[in-house]
Amino acid sequence: ANNSIEDLLGYLPDEVSGLPVYEIIGVDRLPFEEILRQLFDGRERYIIGEIRCRRKTGNLVDVEAGAGLISHDGSTVLCITLRDITVRQRAAERLSRLNDCFLGFGPEPDKNVAMLAALCGEMMEAACALFNRLEFGRLCTRAHWNVPPDLDLADDPQGHLCYDVIRLGSDEVVIVRDLQNSRYAESDPNVRRYALQTYIGAQVKCRGESIGSLCLVYTNDYLPTEYDRKFMGILASAMGVEEERRLDIDALRKSNDELEARVSERTMELYRANEELRIDIMERQKAEEALATSRTLLNNILES
């Protein structure tokens, strides 16, 4: 065994020497012997599949196992390769959940953003997740997942981690570890209040401008993988799209309100014009009736 077996299963290479293979990789003996027969009988040249191995500690780990025969020092020997696929399976699960989230989007952007924040916090196993947005000089939480009930949802932005992410305007995910010994322990009130250890933040852009941040916080030390960063970047981009859609909806609603106001105003003008016309017609009718009465009286006088 090479040294990688310690990282994967917790064994030192010398510890596995002389042990039956099926004990090391945790597969049942009979299926393993059938694999050997297929290889040595020439029915298969290489067999690969996904199995669960038991680590030295007893924990299970998902691996991709391959087995084949090779020549070594004039003998035919069995070579087994093990590859940790936990990250790959997690990536597949995240992709599936992300697709489900997108398919579940409704017409209201705020609710969609809340779904994205919850998905981010859950999939990255954070203590809580937030989407903070700058509004009129205040840092306002507009979507959150699993936050403490006493969290301030609007605050002065100065000193906050999220405010620095927004100001930085970088496309890179910001990671701050060991928060208790960082400058944010003094400047950001939430760091000490909730004993935070790790912060991960991604800016949310709308129409080319940084307007907010998607952030995750942990009460333990957490080092995100490269896929973690990409996953968070995708969610932050999706939030930016929903924020742009929200602005378009607000603009359309404002335009409709203005149109309705103009229509209402014109309707009132037409009503007033119609009322004036009605009054004018009534006055004309009265004048004509008075004129007819006068002519009748004049005729009667002349006949008399």
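## Helix 10

At 1.5 Å a residue, the 78 residues of helix 10 should span 116 Å, and the end C-alpha atoms of this helix are 114 Å apart, which agrees. The expected span of a helix is 1.5 Å times one less than its number of residues. Helices (H or I, at least four residues) and strands (E, at least two) are DSSP runs, numbered from the N terminus.

The model is a predicted one, in which local features need pLDDT of at least 70 and side-chain atom pairs count only at pLDDT 80 or more, while totals for chains, interfaces and linings use all residues. Residues are numbered from 1 along each chain as its sequence is written, and side-chain values use heavy atoms, with hydrogens and water left out.

The buried residues of helix 10 are D228, F231, M232, L235, A236, A238, M239, G240, E242, E243 and R246. Buried means under 20% relative accessible area, exposed over 50%, and partly exposed in between (1.4 Å probe, protein chains only). Helix 5, helix 6, strand 4, strand 8 and strand 9 are included in what covers these residues.

An open sheet of six strands has the order 6-5-4-9-8-7, with antiparallel pairing. Strand 6 (154–155) and strand 7 (174–177) stand at its edges with a single partner strand each, so one side of each is left without a neighbour in the sheet. Two strands pair if DSSP finds at least two bridges between them. Strand 7 is joined to strand 8 by four bridges; V174 stands opposite G201 in strand 8, and the bridge partner of I175 in strand 8 is I200.

Strand 8 and strand 9 run antiparallel and are joined by nine bridges, with S213 in strand 9 as the bridge partner of Q203. Their hairpin has two residues between the strands, and R207 there takes a positive phi near 55°. Strand 8 is mostly covered, since eight of its nine residues are buried. Helix 10 lies across strand 4, strand 7, strand 8 and strand 9, running at about 40° to strand 8. Axes are lines fitted to C-alpha atoms, for helices over the stretch in contact, and angles run from 0 to 180 degrees between N-to-C directions.

## Helix 6

Helix 6 has 15 residues and reaches 21 Å from its first C-alpha to its last, close to the 21 Å expected at 1.5 Å a residue. Its buried residues are P109, N112, V113, L116, A117, L119, C120, G121 and M123. They pack against helix 5, strand 4, strand 5 (138–145), strand 9 and helix 10. Just after helix 6, E125 takes a positive phi of about 50°.

A second open sheet, of three strands, has the order 1-2-3 with antiparallel pairing. Strand 1 (46–54) and strand 3 (75–84) stand at the edges, each with a single partner strand, so one side of each is left without a neighbour in the sheet. The twist averages 30° from one strand to the next. Nine bridges join strand 1 to strand 2 (residues 60–72), and G49 stands opposite A65 in strand 2. Helix 5 lies across strand 1, strand 2 and strand 3, running at about 130° to strand 2.

## Nonpolar cores

In soluble globular proteins, nonpolar side chains tend to be buried together. A nonpolar core is a set of buried Ala, Val, Leu, Ile, Met, Phe, Trp, Tyr and Cys residues joined through side-chain atoms within 4.5 Å. The largest one here has 29 residues, and those with the most contacts inside it are M124, I200, L214, L216, M232, L235 and M239. At least two residues of this core come from each of helix 5 (86–103), helix 6 (109–123), strand 4 (128–135), strand 8 (198–206), strand 9 (209–218) and helix 10 (226–303). Another core, of 18 residues, lies apart from it, with L139, L161, V165 and Y199 among its members.

Not counting residues up to four places away in sequence, M124 touches R94, I200, L216, Y218, Y222, D228, F231 and M232. Contact means heavy atoms within 4.5 Å.

## Cysteines

The structure holds zero disulfides, a disulfide being a pair of cysteine sulfur atoms within 2.5 Å. The sulfur of C128 is 6.9 Å from the closest cysteine sulfur, in C215, which is too far for a bond. For C206, the nearest cysteine sulfur is that of C140, 16 Å away. C128 is buried, with a relative accessible area of 9%, and C206 counts as buried at 5% relative accessibility.
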